[in-house]
Amino acid sequence: MQLSKTAKISILTVLLILLCDQTLKLFIKSHFELGHDIQIFSWFHIYFIENNGMAFGMELIGKLFLSLFRIGAGIFLIYYLRKIIQRQLPTGYIISISLILAGAIGNLFDCMFYGLLFSDSMGHVAQFMPESGGYAPLFYGRVVDMLYFPLIEGNFPDWFPIWGGQDFIFFRPVFNIADSAVSVGVILILLFYRRYLSDNEVKKPVDTQSDTQA
């Protein structure tokens, strides 16, 4: 079956994000010890951390559930992408969903395989395929994060509720390319393509979408 131009763009988007994400993660994991911080600019650091949770280090529920949730989300997004490509929805919307899919797969790969492939990074650079085995079983690996943008640093005034007198940093979370892809995809949808989140829009005949093609 010959792929449409939009399908090729979608696949290329996913593969490009995965290549960039995993290349950077593998480099960091195999060259940095946990907590290693390199300042590129005052507002941009390469700072190696790992987390058990979802995007930007959030940890809400059990690790195995999160890994299985990512698998389920990935399967749904692949099905949904196929559906909206067949319906010839705007290319921009398809790219946005492709970014979210790529981000989900990127972090899922860490959770599934990094625990098996690497030793831990605490106090030393991790070993690839150590003889004694990896640091965690399948599905229990940790997500590699390294992008840190402390754009604004300061102190809350003493009168400020709850955090008065405390230091603050914006933007504090450390993240990765996969997280960025998910965030960009979601923002694009919210700004430009919210109408297509409705299943009614997805199911409309192709000829009614002609004036919305990107």
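Let me start with the parts list: the protein chain has five helices and six strands. Helices here are DSSP runs of H or I with at least four residues, strands are E runs of at least two, and numbering starts at the N terminus. Please keep in mind that this is a predicted model, where local features need pLDDT of at least 70, side-chain atom pairs count only at pLDDT 80 or more, and totals for chains, interfaces and linings use all residues. Residues are numbered from 1 along each chain as its sequence is written, and side-chain values use heavy atoms, with hydrogens and water left out.

Now the order. From the N terminus on, the elements run α-β-β-α-α-β-β-β-β-α-α. How much of the chain is buried? Of its 214 residues, 39% are. Buried means under 20% relative accessible area, exposed means over 50%, and partly exposed is in between, with a 1.4 Å probe and protein chains only.

Next, contacts. A contact means heavy atoms within 4.5 Å. Take the contacts with a separation of 6 or more: 65% of them join residues 24 or more positions apart.

On to the sheet. It is open, it has four strands, and the order is S1-S2-S3-S6 with antiparallel pairing. The edge strands are S1, residues 37-41, and S6, residues 174-175; each pairs on one side only. Two strands pair if DSSP finds at least two bridges between them. In general, strands of a sheet pair through backbone hydrogen bonds, either parallel or antiparallel.

Walk across it with me. S1 and S2, residues 44-51, pair in the antiparallel sense over four bridges. A hairpin of two residues joins S1 to S2. Phe41 stands opposite Phe44 in S2. Then comes the next pair: S2 and S3, residues 143-148, run antiparallel over five bridges. There, Ile46 stands opposite Leu147 in S3. Is S2 mostly covered or mostly open? Mostly covered: six of its eight residues are buried.

Met146 is buried, with a relative accessible area of 0%. What does Met146 touch, leaving aside neighbours within four places in sequence? The list includes His45, Ile46 and Tyr47, then Val174, Phe175 and Asn176. Leu24, Lys25 and Ile28 are also in contact with Met146. Look at Ile28 in particular. Ile28 and Met146 are 118 residues apart along the chain, yet their C-alpha atoms are separated by 7.7 Å.

Now the helices. Two packed helices are described by the angle between their axes and the distance between the axes. Helix H1, residues 5-31, packs with helix H4, residues 177-192, at an angle of about 150°, with axes 8 Å apart. The axes are lines fitted to C-alpha atoms over the stretch in contact, and angles run from 0 to 180 degrees between N-to-C directions. So H1 is roughly antiparallel to H4; under 35 degrees counts as roughly parallel, over 145 as roughly antiparallel, 65 to 115 as roughly perpendicular and the rest as oblique.

Which residues make that contact? On H1, they are Ile17, Cys20, Asp21, Leu24 and Lys25; on H4, Ile177, Ala178 and Ala181. By class, the contact has six nonpolar, no polar and two charged residues. Nonpolar covers Ala, Val, Leu, Ile, Met, Phe, Trp, Tyr, Cys and Pro; charged covers Asp, Glu, Lys and Arg; the others, Gly among them, are polar.

A word on cysteines. Cys20 is partly exposed, at 35% relative accessible area. Cys111 is buried, at 0%.

Last, some backbone details. The peptide bond from Phe170 to Phe171 is cis, with omega near 20°. Phe171 lies in the loop between S5, residues 167-170, and S6. Gln88 has a positive phi, near 60°, and is not a glycine. Find Gln88 in the loop between H2, residues 63-86, and H3, residues 91-117. Gln88 is partly exposed, at 43% relative accessible area. Phe139 also has a positive phi, about 80°, without being a glycine. Phe139 sits in the loop between H3 and S3.
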